[in-house]
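Student: I have a structure open and want to learn how to read it. Can we go through it feature by feature?

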Amino acid sequence: MSKSMLSILNPLMATALYSFAGLNGIIIIDIGSFIVAFTALLFFINIPENKSNTGESALKLAKENPLIMSLILFMSGVNLAASAFNAVLPCYVLSNPKGSSYILGIVTSCPGNQCYGVPASLPGGFLCQL
């Protein structure tokens, strides 16, 4: 499945699961999926020991190339800003008197639709009228 399709379906499935099972159901499913993944990793996946020291060579490469270091720092800043936005958005939408879990699903699926720039303002303007 494509990445943009996943970013459309994940918020929709999460909203549907939240409306049917509630927060306790989501936490139980999350803990269950962790236990399955951890058990599979512990008993069925063989992770060989890495004898080379690639961590130090990667840091050395980043220090020797200022363009790579600046790219890493820039993308770290973008990631920090995006994660803050993603943390605040559900609170802002759900606390709005016109907001609901349905509206939150629509808003969070817009990046998956590649709605940037002018096309992004159209759903936003429409949602403000609801």
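Predicted model: local features only at pLDDT ≥ 70, side-chain atom pairs only at ≥ 80, totals over all residues.

Student: How much of the chain is buried?

Tutor: Of its 130 residues, 11% count as buried. The accessible surface comes to about 10,500 Å². Carbon and sulfur atoms account for 72% of that surface. For contacts, take residues at least 6 apart in sequence: 43% of these contacts join residues at least 24 apart.

Student: Which helix has the lowest mean pLDDT?

Tutor: Start with the chain as a whole. Its average pLDDT is 77, and 76% of the residues score at least 70. Among the elements, helix α5 (residues 118–129) has the lowest mean, 47. Helix α1 has the highest, 86. Two stretches need care. Residues 113–121 stay under 50, with five contacts beyond four places in sequence. Residues 124–130 are also below 50, and the model gives that stretch six contacts beyond near neighbours in sequence.

Student: Where does α3 kink?

Tutor: Check the span, then the axis. Helix α3 covers residues 66–95, which is 30 residues. From first C-alpha to last, α3 reaches 44 Å, close to the 44 Å expected. The kink lies at V88 and is about 30 degrees. The proline P90 follows shortly after V88.

Student: Take T15. Is this residue buried or exposed?

Tutor: Compare its relative accessible area with the cut-off. Buried means under 20%. T15 has 18%, so T15 is buried. T15 is found in helix α1. Beyond its neighbours within four places in sequence, T15 is in contact with S101 and G105.

Student: How many aromatic pairs are there, and how do I read one?

Tutor: Two values describe a pair of aromatic rings: the distance of the centres and the angle of the planes. This structure holds one aromatic pair. The rings belong to F34 and F38, with centres 5.9 Å apart and planes at 20 degrees. Planes under 30 degrees apart count as stacked, so this pair is stacked.

Student: Where do F34 and F38 sit in helix α1?

Tutor: Helix α1 spans residues 3–43. F34 and F38 are four residues apart in it, so about one helical turn separates them. F34 counts as exposed, at 53% relative accessibility. F38 is partly exposed, at 44%.

Conventions:
Residues numbered from 1 in each chain as written. Heavy atoms only, no water. Phe/Tyr/Trp six-rings, centres within 6.5 Å; stacked < 30°, edge-to-face > 60°. Helix = DSSP H or I, 4+ residues; strand = E, 2+ residues; numbered from the N terminus. Buried < 20%, exposed > 50% of the residue type's maximum accessible area, 1.4 Å probe, protein only. Contact = heavy atoms within 4.5 Å. Areas by Shrake-Rupley, 256 points an atom, 1.4 Å probe, with all protein chains shown as cover. Expected span 1.5 Å × (residues − 1). Bend = angle between axes of the 7 residues up to and from the residue. pLDDT = per-residue confidence, 0-100.
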